[in-house]
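Let's learn to read a strand and a cavity together. Have a look at the model first.

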Amino acid sequence: MNPFQKNESKETFFSPVSTEEVPPPPPSLPKKSPPKICGSNYPLSIIFIVVNEFCERFSYYGMKAVLTLYFLYFLHWNEDTSTSVYHAFSSLCYFTPILGAAVADSWLGKFKTIMYLSLVYVLGHVIKSLGALPILGGHMVHTVLSVVGLSLIALGTGGIKPCVAAFGGDQFEKTHEEERTRYFSVFYLSINAGSLISTFVTPMLRGDVQCFGGDCYALAFGVPGLLMVIALVVFAMGSKMYKKTPPEGNIVTQVIKCIWFALSNRFKNRSGDIPKRQHWLDWAAEKYPKQLIMDVKALTRILFLYIPLPMFWALLEQQGSRWTLQATRMNRNLGFIVLQPDQMQVLNPLLVLIFIPLFDLVIYPLVSKCGVNFSSLRKMAVGMILACLAFAVVAVVETKVNEMAPPQPGPQEIFLQVLNLADDEVKVTVMGDDNNSLLPESIRSFQKMPHYSKLHLKTKSQDFHFHLKYHNLSVYTEHSVEEKKWYSLIIREDGESISSMMVKDAENITTNGMTAVRFLNTLHKEVNINLGADISLNVGEDYGVSAYRTVQIGEYSAVHCKTEDDDFLLNLGLLNFGAAYLFVITNSTRQGPQAWKTEDIPANKISIAWQLPQYVLVTAGEVMFSVTGLEFSYSQAPSSMKSVLQAAWLLTIGVGNFIVLTVAQFSDLVQWVEFTLFSCLLMLVCLIFSIMGYYYVPLKSEDIQEPAAKKIPHIQENTINLETKNTKL
C-alpha cells in the first residue's frame, strides 16, 4: 500500500469537518487498451502468436516427417534403430513441456521462455541441417550433429509447447470470453494447417530435389529450420503489443510437493496408535490448505484413469516410423500423382480436420437419437478398438508386401543367378552336392532368369566349383562366396571358349522405394553414362561392372552415353518402384550399342493406396480418444488443476513413445508379428480401461466448484456465473 495514502487518510480522520469544497484528487491515467483487429475485441497481438504457431508447427512436423528415412538411408541405421531413435526423440518432446511450464510459471514468465527456448530451437535446426550435409565430415560427425540437433529441438519445441497457447489466452480481457474461445479454435486450426502443409511439402523437398548426388535431406531439414527462424522473428515483432503477466508459481510443483508430503507424513505416522484418516491425501493437512488437498483428490481420480492411456499413443505414434517404412516397400504411383513414402502421413491431419466436424455434427447426434448413452469413457474405449483394428489391417498389408518381396538368404545360404552372355546355350552344374544343376535345362544366350537360386554352404564361406558345358567344351571354374549374400555368375565369351566371373550383389540395393540400376559393359572401351540430375557413372571396358545407383522412377528412353570416340543413346525403358535392374551394354547389331535389361529384384506391386484404410481407422480412433479424453478430463477436474492435467496428458504420449522404443529395440520380432502384438496389447488395455471406467463415478459440475463459491451470498449471483464460465473455458 502507498505510504502517502496512509498519511492522507490519517490527516483526514483527525481534521475537523469543513463546509468548504475539497478539491478532488487528480484522476489516474486510464489504462491504455491494446490495439485491436479492425475495431473488434480481438487484440492485434494474437496475429503474431497464431502466425508463430503455424510456422513452428510447420517446422516441427516437416522435420519429423522425413526423420525416419534420414536415419535409414543417410545415416544407414537399420529399421529397428531408426524406429527407436525416432520414438526416443518424440518421447523427449513430450517430457520437456513440464520443464518449460516450470520455467515459465516460476522464473522467466511465458514471453521470455518462448523467446529463449525458440533460440535453442533454431540452433537445433541449424545443427540438424548441417548434419545432413554429405560434404561435412564422415558418418560419426553426421551422427553427433544429428543427436545434438534433435536434443536441442526437443528442448525447444517441448519447452514452448505449454506456453504459446496460454500466452495467447492472456492477451484477452476477462470480459471477452467468447473471442478467447474463437481464438483457441483458430490456434488449433493453425496447428493442423502447419502439420498438413509441411508433411506434404518436406518429403517433396527430400525426394524430388536431388543434391550431392542423392536425396536432399539438407534442404528438407533446412526449410523447416527457416520457418522456425520466421516464427521467432514474427513473435518478436509483436513484443511491444503483448500483455506480459509475471510468473505466479507453478501449480504442478505444488501438486507434487503436496502428494510427496502426504506420503512421507503417512509413512512417519504409521504407528497403530495414531488414528487413521479418511483419505491418504488428508495427511498433507498439516502443511497445505484444505482446498488444494480437495483439488488434488479430484485430480488423482482422473490420473488413475490415465494409467492405460500410453498404449494407445504407442500405436498412434508409429505413423511416422513403422508405417512410413512399410510405405517404402509399396508402389507409390496412384495414376494421378506419385507420392513419396513419407507423404502418406499427410492423411492424418487432413482426416482430423474432416472427422472432427463429422463426428460432432453427424455421428454423435445419430448415436444419441438411437437411444445409446455414448459417454466420454465409452467413446475413448471405441477409439482404442478402432486403433486395434487399424493395426490388424497394417499386419495384413505387411504380410502381402512380404509375399511380393524377394526372400532373404539365411545362415549358410546364398542366392545365385546365372547370366549367360555367350552366343549359345550353356549347361551349368555345381560340383559336389551330388552334381545338382542350377537349372534342369541349359541356359540360353541372354536368357532372363525368373529368380535367384538358393545354394547351401557347409561353412560361413566356401569355394564353389562349377562345370560349364558349352558346345563340345567343358570348362571348370572356382569362385569364393560368403553366407547371406546375393551373387551373379556371369558367363562370357573368351575367344572360342568361355569363362566366368562372380559379382556380389548388394543386400539392400533399393533406396526409399526408388529404383536401382547397374551396368555391365561388354565393349572394349570405357563408357560414361549420364542418368540426369547430376548422376553419371563410368563403366570399365571388357565386362566391367558398375556399382548400383539409385535414380528416380520413370521412363528412360534416351540415356546419353559416350566413349572416348563415340556418343550414343541407350533405351532403358520404364524403371519402376523398388526394382533393381542390370543393364548389359552390347554391340552385336548394326544399330549400334544396345542395353539388355534384366531385373535383379522385381518392382513393388502392392499399391500404397492399401494404407488408406489403416489411416482412416487410426485417425477416427484418435478423434474419439484424444478430443474426448481431454474434454472429459477437463470436465472432471477443478479449474486449478487444468495445467496439471495437460502435463499428465503429454506425459502419457511420451510414455507411449517409450513403449515403441523398447519393443523395437528388444523384441526382435518379424514386422507383421510386431504389428499384431501391438493390436492385441491395446485390446487388452482397452478391456482394463473399460472395467476401470465402469466403476468410475463421474463428478457433476456443481461438485467440482470450489466451496468458496458456494458460500457467496445470493446477491453476488453474477459473480458466481462468471466464475462458472471461467471454469468451463
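Q: What should I know before I start?
A: This is a predicted model, so to speak: local features need pLDDT of at least 70, side-chain atom pairs count only at pLDDT 80 or more, and totals for chains, interfaces and linings use all residues. Residues are numbered from 1 along each chain as its sequence is written, and side-chain values use heavy atoms, with hydrogens and water left out.

Q: How do I read the two faces of a strand, and are those of S3 buried or exposed?
A: In a regular strand, side chains alternate between the two faces of the sheet. Strands here are DSSP runs of E, at least two residues long, numbered from the N terminus. Buried means under 20% relative accessible area, with a 1.4 Å probe and protein chains only. For S3 (residues 413–420), 8 of its 8 residues are buried. One side carries Glu413, Phe415, Gln417 and Leu419, and the other Ile414, Leu416, Val418 and Asn420.

Q: Which strands does S3 pair with?
A: Two strands pair if DSSP finds at least two bridges between them. S3 runs antiparallel to S5 (residues 453–456), with 4 bridges, and Phe415 sits opposite Lys454 there. With S8 (residues 485–494) S3 runs parallel, through 7 bridges; Leu419 has Ile490 as its partner in S8.

Q: And which helix gives the most to the lining of the largest cavity?
A: A cavity is a set of points on a 1 Å grid over the protein atoms alone where a 1.4 Å probe fits but cannot get out; lining residues have an atom within 4 Å of a point. H15 gives the most, with 3 residues. Among the lining residues are Leu305, Trp649 and Phe689.

Key:
On a 1 Å grid over the protein atoms alone, a cavity is a set of points where a 1.4 Å probe fits but cannot get out, and a pocket is an open set with protein on both sides within 12 Å along at least five of seven lines; lining residues have an atom within 4 Å of a point. Buried means under 20% relative accessible area, exposed over 50%, partly exposed in between (1.4 Å probe, protein chains only).
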